[in-house]
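Subject: Structure for you to look at

Hello,

Here is the structure I said I would pass on. Please open it first, then read the notes below it.

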Amino acid sequence: MKSVTNGCVLMLALAAGAAHAQTYPARPVRFIVPQAPGGASDVLSRIVAQKLTEQWPQQVVVDNRVGAGGNIGTELTAKAAPDGYTWVLGFPGTHAINPVLYKNLSWDPVKSFEPTANLAVVPYVVVAGNNVPAKGMQELMALAKAKPGYLKYGSAGNGTVNHLIGPMIATAGGVQLTHVPYRGIAIAVTNIIANEVQLAFGSMPSVIGQIRGGLIRPLAVTTERRLDALKDVPTMIEQGFAGFVVTPWFGILTTGGTPPAIVKKINTDVNQLLTQKDMAERFAAQGAIPAPWSPEEFAKVIRSDIVKWAKVVKDSGATLD
């Protein structure tokens, strides 16, 4: 009798979720970006939010909530009502790296969220100030060896992807690089131009404008093959860093326990956007590659990345100093 009752409750819950999905969204959606304006998370989320607002009867409102390596904005989503009206723009930094670096998080990277719709995978670029006397990675490594401690790199904060790329490169090249954390990669890039730091490892959306403007110099890309947007810039692999590939995902997650029908509705609508020519062109202009996944595929990637980045953190020796 008890199993029959439980079955009825489940059927009613599924039916209620399906009914809500038919009218979703019935009010504005809060899209939390846990990074400062100017980074990949911010740029991609605003492109998608604008398109969904045009398509849906309600607005998708981007809300930048910066702090603690992305944990503040991520926590807001984890603790929101499980109704699909609060999203976070997640990436490996929030869902694979932070759970290793921060020991007392109030949320779980798997249990507290529903992977909803991935947007893109994004290459990273090693960029230097125009006054840095190195045109490629081998010259940069030679400079670092000749002047230990001279090369400083800016990041979006301790524990971010652009922080951890530094120890990865330093370890592989046998050199010393000094980390300078900021409250966003845009600030770090500004300080490269001002010669306060010499390097950064930024996502394509966060550095492509300054590269095209001639304000900073690209030394390498972190993809397996060269990018159409930067055809003259060699990969890390081409420059002697075997197997060095970093192309993080950036995607929408909502609160754990959100009805599957609502998750599917969001996934379907976002994936349809990502197949449109103008969206592909806007992403390509930012150096991002659309990567529409099902919620199940997205969840699988996150679980895999949790294992992958835990090893990167351990091997790099990175800490929250």
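Is Arg-30 buried, partly exposed or exposed? With a relative accessibility of 30%, Arg-30 counts as partly exposed. The classes are buried for under 20% relative accessible area, exposed for over 50%, and partly exposed in between, using a 1.4 Å probe and protein chains only.

Before the rest, two notes on how to read the values. This is a predicted model, in which local features need pLDDT of at least 70 and side-chain atom pairs count only at pLDDT 80 or more, while totals for chains, interfaces and linings use all residues. Residues are numbered from 1 along each chain as its sequence is written, and side-chain values use heavy atoms, with hydrogens and water left out.

Salt bridges

Arg-30 takes part in a salt bridge with Asp-63, where the closest N and O atoms are 3.0 Å apart. A salt bridge here is a side-chain nitrogen of Lys or Arg within 4 Å of a carboxyl oxygen of Asp or Glu. Arg-30 belongs to strand β1 and Asp-63 to strand β2, so this pair ties together parts that are 33 residues apart in sequence. Strands (E, at least two residues) and helices (H or I, at least four) are DSSP runs, numbered from the N terminus. Asp-63 is buried, at 18% relative accessibility.

Asp-63 also meets the side chain of Arg-65 in a salt bridge, at 3.2 Å from N to O. Arg-65 is partly exposed, with a relative accessible area of 34%.

The structure holds eight salt bridges. Another one of them joins Arg-46 and Asp-42, with the closest N and O atoms 2.8 Å apart. These two are four residues apart in helix α2, and about one helical turn separates them. Asp-42 is buried at 5% relative accessible area, whereas Arg-46 is partly exposed at 38%.

The sheet

Strands of a sheet pair through backbone hydrogen bonds, either parallel or antiparallel. In this model, six strands form an open sheet with mixed pairing, in the order β2-β1-β3-β10-β4-β11. Two strands are taken to pair if DSSP finds at least two bridges between them. β2 (60–64) and β11 (289–290) each have a single partner strand and stand at the edges, so one side of each has no neighbour in the sheet.

Helix α2 (residues 40–55) packs on the sheet and touches β1 (29–33), β2, β3 (86–90), β4 and β10. Touching, or contact, means heavy atoms within 4.5 Å. The direction of α2 makes about 160 degrees with that of β2. Axes are lines fitted to C-alpha atoms, for helices over the stretch in contact, and angles run from 0 to 180 degrees between N-to-C directions.

Strands β4 (residues 113–121) and β10 (residues 249–255) run antiparallel and are joined by seven bridges. Ala-120 stands opposite Phe-250 in β10.

Backbone angles

Most residues other than glycine have a negative phi, and most peptide bonds are trans. Ala-68, in the loop between β2 and α3 (71–78), has a positive phi near 55 degrees. Asn-195 has a positive phi too, near 65 degrees, and lies in the loop between α7 (185–193) and β8 (199–203). Ala-68 is partly exposed, at 40%, and Asn-195 is partly exposed, at 38%.

The peptide bond between Tyr-24 and Pro-25 is cis, with omega about -5 degrees. Pro-25 lies in the loop between α1 (2–23) and β1.

Nonpolar cores

In soluble globular proteins, nonpolar side chains tend to be buried together. A nonpolar core is a set of buried Ala, Val, Leu, Ile, Met, Phe, Trp, Tyr and Cys residues joined through side-chain atoms within 4.5 Å. The largest one has 67 residues, and those with the most contacts inside it include Trp-87, Leu-119 and Ile-169. Helix α2 gives the most to this core, with seven residues. Setting aside neighbours within four places in sequence, Ile-169 is in contact with residues including Val-126, Met-137, Leu-177 and Phe-244.

Regards
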